[in-house]
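Hello,

Here is the structure I promised to pass on to you. Please open it alongside this note, and you can follow each point as you read.

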Amino acid sequence: MKITAISIFPEYFSPLRLSLIGKAIESSVVDFKAIDLREFTHDNHKTVDDTPYGGGAGMVMKPEPWGEAIDSALNRHDGIVDLILLTPAGKTFDQELAAKLSSRENLLFACGRYEGIDARVSDFYRGHQRVRLHEISIGNYVLNGGEVAALVMIEAITRLIPGVIGNPDSLLEESHNEIGEVEYPVYTKPAEWRGLEVPEVLKSGNHGEIANWRRREAQRRSKTLRESE
Ligand code: JCZ
């Protein structure tokens, strides 16, 4: 999978070189590049923002650097590209979209700042031959820019790629829910910690009883969670 992220803070993506995704990058399963939007400006100040038409607070990102940066990124990729534009007004990212995007060859993240990117940029690429446009939010809260949202998406997506270390053989396991995580409480050594004991059944070696206990606990948890909503 080839991933490009465009941002005025490309250093935000440095942590991707660490840990699991870093290993995927090292082993060429994932090819990641962060591009500095300011490289696509032509004035001495490297201006990427301007005042909003119609007035109002804050600044809006100018369309020209975005157009040139996205065109340049498209040249780094072959074929169809999933262009992901982060915005608090987008469709909410979930495990289903993570799974869908994990099987795509080319992901391009456009990470805005300020009050967002001139709306003509999304309008332009929505109609582009090689682009599938996704306007995405990671949740109902407001961030200062798209970078952190892109990091969240990249982690959720790349961990689903076969061959990425730490990736889910476990997705096939019946003890996992639809988001691929266990829903029952988990324990490890020591058997007693600060006076708290690991449930006896988990130490019994009785796999039938263990499976039943985990199912009951998972149900109890989802019921408790529903009642707290
Ligand atoms: C650009 N502010 C892009 C996304 N889920 C979520 N919350 N906030 C964002 C977001 C905020 C932004 C920009 C400027 C995304």
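The largest pocket in this predicted model holds about 520 Å³ of space. A pocket here is an open set of points on a 1 Å grid over the protein atoms alone, where a 1.4 Å probe fits, with protein on both sides within 12 Å along at least five of seven lines; lining residues have an atom within 4 Å of a point. Its volume is the space filled by probe spheres set on the points, which are joined across faces, edges and corners.

The lining of the largest pocket has 27 residues, and Leu86, Thr87, Pro88, Glu115 and Gly116 are the closest to the centre. Strand 5 (81-92) provides the largest share of this lining, five residues. Helix 4 (119-126) and strand 7 (131-137) also supply at least two each. Helices (H or I, at least four residues) and strands (E, at least two) are DSSP runs, numbered from the N terminus.

A word on numbering and confidence: residues are counted from 1 along each chain as its sequence is written. Local features need pLDDT of at least 70, side-chain atom pairs count only at pLDDT 80 or more, totals for chains, interfaces and linings use all residues, and side-chain values use heavy atoms, with hydrogens and water left out.

Next, have a look at Ser7, which sits in strand 1 (residues 2-7). Ser7 is buried, with a relative accessible area of 0% (buried is under 20%, exposed over 50%, partly exposed in between, with a 1.4 Å probe and protein chains only). The side chain of Ser7 makes a polar contact with that of Glu147 at 2.6 Å, and a polar atom of the Ser7 side chain lies 2.7 Å from the backbone nitrogen of Phe9. A polar contact is a pair of N or O atoms within 3.5 Å; within protein, one must be able to donate a hydrogen and the other to accept it, and residues adjacent in sequence count only if both atoms are side-chain atoms.

The backbone has some points to check too. Ser28, in the loop between helix 1 (19-26) and strand 2 (31-36), has a positive phi of about 65 degrees although it is not a glycine. Ser28 is exposed, at 61% relative accessible area. Lys46 also has a positive phi, near 55 degrees, and is partly exposed at 45%. Finally, a cis peptide bond joins Lys189 and Pro190, with omega about 5 degrees; Pro190 is in the loop between helix 5 (147-158) and strand 8 (192-193).

Best wishes
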